[in-house]
Amino acid sequence: MPTGAGKSLCYQVPALALGGVAVVVSPLIALMKDQVEGLCARGVRATLINSTLSPEERRERLRELKEGAWELVFVAPERFTPHFMEALQQVDVRLFAIDEAHCLSQWGHDFRPDYLRLGQVRRELARIRPIRTIALTATATPEVQADILYTLDMDGCRRFIRGFDRTNLQMTVREVTSNKHKDATLPTLCDGVTLVYCSTRKSVERATTVLRAAGVAAGMYHAGLPIEDRSAVQDAFMSGDIPVVVATNAFGMGVDKSDVRSIVHYDLTGTVEAYYQEIGRAGRDGLNSKVTLLFREEDRRVQEFFIDGSHPPAEWVHKVWNHLDGLNENPVFLTLEALAVCLPKEAGDRAAASCLYVLQREGWIRRIHPAERPGIVRFTGACAETGGLRRRIYDHLRITGKASVGVWPDRVAEELELSREQVTAGLRGLEERGVLTYTAPERAGGVELLRPGEPLEIDEEAIRRRREQELMKLQRMVDYAYSGCRRRYILDYFGDTPPYERCGQCDACKAGRPLGRVSEPLSEEHRLVVRKILSCVARLRTPYAPPMVAKVLIGSNDEKLRSMGLDRLSTYGLLRDLTQSAVEGLIDELVRAGALNRQTMTRPIGGRERSYMTVSLTDIGNQLMRDAAHPFAMVWPVDRSASKVVTIEATPPRRSRAAEGRAQKTAGAAGSAAGASRGGRADGLLGVLQEVRRTIAAREDVPPYVVATNQTLDEMAEQRPTSRVAMLKLTGMGPKRFAAYGEEFIEAIQGISRNASISA
């Protein structure tokens, strides 16, 4: 169901009707907090168990859960530790609900390895008694839906799909040329209650500064802020004290605020799913609301950086596994900084985390929840104190004689009959005196090796496919910015059939933009053309502007080009059959598809500093040039000078005069036979229909075959249909195609018939 359409009720009402306890899996603290507060305000006995609670509070909630004090309990997916599962076996669980279920799928936009365990959790709960299960999401493509059912082992369940259309959202894309342009535009879009989404913490801070400088009361929310500050911002937004919040995507999931009038995306999202989910937080009351994407093509680089970081080289994954396995400890507790030591210097903490992510996804490790982790104490000196709190703690920990030990503050507190706060304060005091270093449990990553001692075997091809899948999803998001109808594009993406050709409400429809085409895999012919362009960019060595690259490829006689010796390049004239405009259009689309990088170059020209755009190869482009990038998809462009789709004419091989003569005779015979077989088409109707197709294709900015295939035109010329019924009998002429183009073909046929009658 669309965001805001009432998915929560689909498990809240059954939970109350069934009795017992409903366990609800939810991915974010903010989501749980809002849900629980809303339910409690309505008299429902709901609670949450997550990392915001102290160990004492968590133990108390579990005790109350066993005693039947709660009807709904919200937990994070990583909460299902052996200890927690043991507790649930003693609870009358009657409903298992998975919210944001797209996180289950490796092909979803927000896959989380912890969700993969939920299938096993469901099976373990079902051993005690049959358990009803419901999985809910707003953003599952058909592929993701199938993955969810497979992971949860829910074959034979009922599937409910309401649709994806949000008719009250007015969708707009504002193209910006620079960050300054973006900053100048942002304050004008914050109309009423507004959420501004950014891709990084740095962007959140920048956008917040811009809004506050413009006099807009804006709150800031990202994971790097203290949890108290984040909670305060959320509460102020919900109460209306802060009308605008600038946040990363963590904010807003499940937040039930109906009067959000505007959503602004300061940065490009990585997927259409993420974008759709975030804009769905506007207009939940059904009133018209605005959603705006500030689009700058260079912003895709940030998302590509995230994708690269999430898919480290297989070599790095092997290094991390060998390091973990070589420690001869299981489980292993260490920080990401300590783990990153085994990787090349350029890798860093993020890469180490990504390697763990891959190992978890591939079934080699289990990430240990913070509640199960110890802190880490490393002894660095002797304790000079002879008594007191710090000495008691030191002696208790030093008894093992090891240079470093795992420390569970709650256990130490219980064993020494102290409070957790006293233990933590004592450890910090010893650290200040140089006796030890202490890494708190939240910072110490914990992993359990599931196959210790075994040489690592991972599906490197699957890792590559996942990376390519994410790059394809990013490209589809870029394509959205160039679409001819925003709502139709999103519905098509999710496999939903829109009841219209155009929504008529988005900025693209109001501007009369032609319906855009989505990226498609290249044919062999087109792939060769693309490789020639990329080879030319590589041969130029120094980045050049697209017009100059195009001139080299078409073999231009431009004097400046020749003076620089660019006519001596091996790629000079490789695409002489195309126009310069056509090649520039291809270069633009290669930038959008991620094969070329566009950047600003400043050089002294004619005694003045001048800036202009240049292009260079990306990693994707380099692989594609070497014919190693599979799959690769892009939009094949329109030749802007000719207003038609760029076509590639194959150059026929040279033939001898004798062969040429034989070919002409053969062609003549074939032409006579074709003329005889076509009969009624000798009047040139087929040529007229082909011209109609070309005109429509240029106007609608689509390939000719989208308007009508060659077979359709052949049948049309033979049968001369002049009604809708007759037209729909043609191969390939369905209701939608007829509605879009059919009448123009009928008019052409009737015009030919009238002329033929007059001539007769």
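Where does glutamine 90 lie? In this predicted model, glutamine 90 is found in a loop. The loop runs between helix 4 (82–88) and strand 4 (93–98). A polar atom of the glutamine 90 side chain lies 3.4 Å from the backbone oxygen of glutamate 86. Glutamine 90 was also compared with glutamate 67, which is 23 residues apart from it along the chain. The C-alpha atoms of these two residues are separated by 9.3 Å.

Aromatic rings were examined next. A pair of aromatic rings is described by the distance of the centres and the angle of the planes. A search of the whole structure finds 13 aromatic pairs. One of them joins phenylalanine 379 and tyrosine 394. Phenylalanine 379 belongs to strand 14 (residues 375–379), and tyrosine 394 belongs to helix 15 (residues 389–398), so the pair ties together parts that are 15 residues apart in sequence. Both phenylalanine 379 and tyrosine 394 are buried.

Rings also form a cluster. Ring pairs link its members, Phe164, Tyr276, Tyr493 and Phe494.

Charged side chains meet rings as well, as two tyrosines show. At tyrosine 266, the charged end of lysine 182 sits over the ring, 4.8 Å from the ring centre. At tyrosine 482, arginine 592 lies over the face of the ring. Here the distance to the ring centre is 3.9 Å.

Note on methods: Residues are numbered from 1 along each chain as its sequence is written. This is a predicted model: local features need pLDDT of at least 70, side-chain atom pairs count only at pLDDT 80 or more; totals for chains, interfaces and linings use all residues. Side-chain values use heavy atoms; hydrogens and water are left out. Helices (H or I, at least four residues) and strands (E, at least two) are DSSP runs, numbered from the N terminus. A polar contact is a pair of N or O atoms within 3.5 Å; within protein, one must be able to donate a hydrogen and the other to accept it, and residues adjacent in sequence count only if both atoms are side-chain atoms. Rings of Phe, Tyr and Trp (its six-membered ring) pair if their centres lie within 6.5 Å; planes under 30 degrees apart count as stacked, over 60 as edge-to-face and the rest as tilted. Buried means under 20% relative accessible area, exposed over 50%, partly exposed in between (1.4 Å probe, protein chains only). A charge sits over a ring if NZ of Lys or CZ of Arg is within 6 Å of the ring centre and within 35 degrees of the ring normal.
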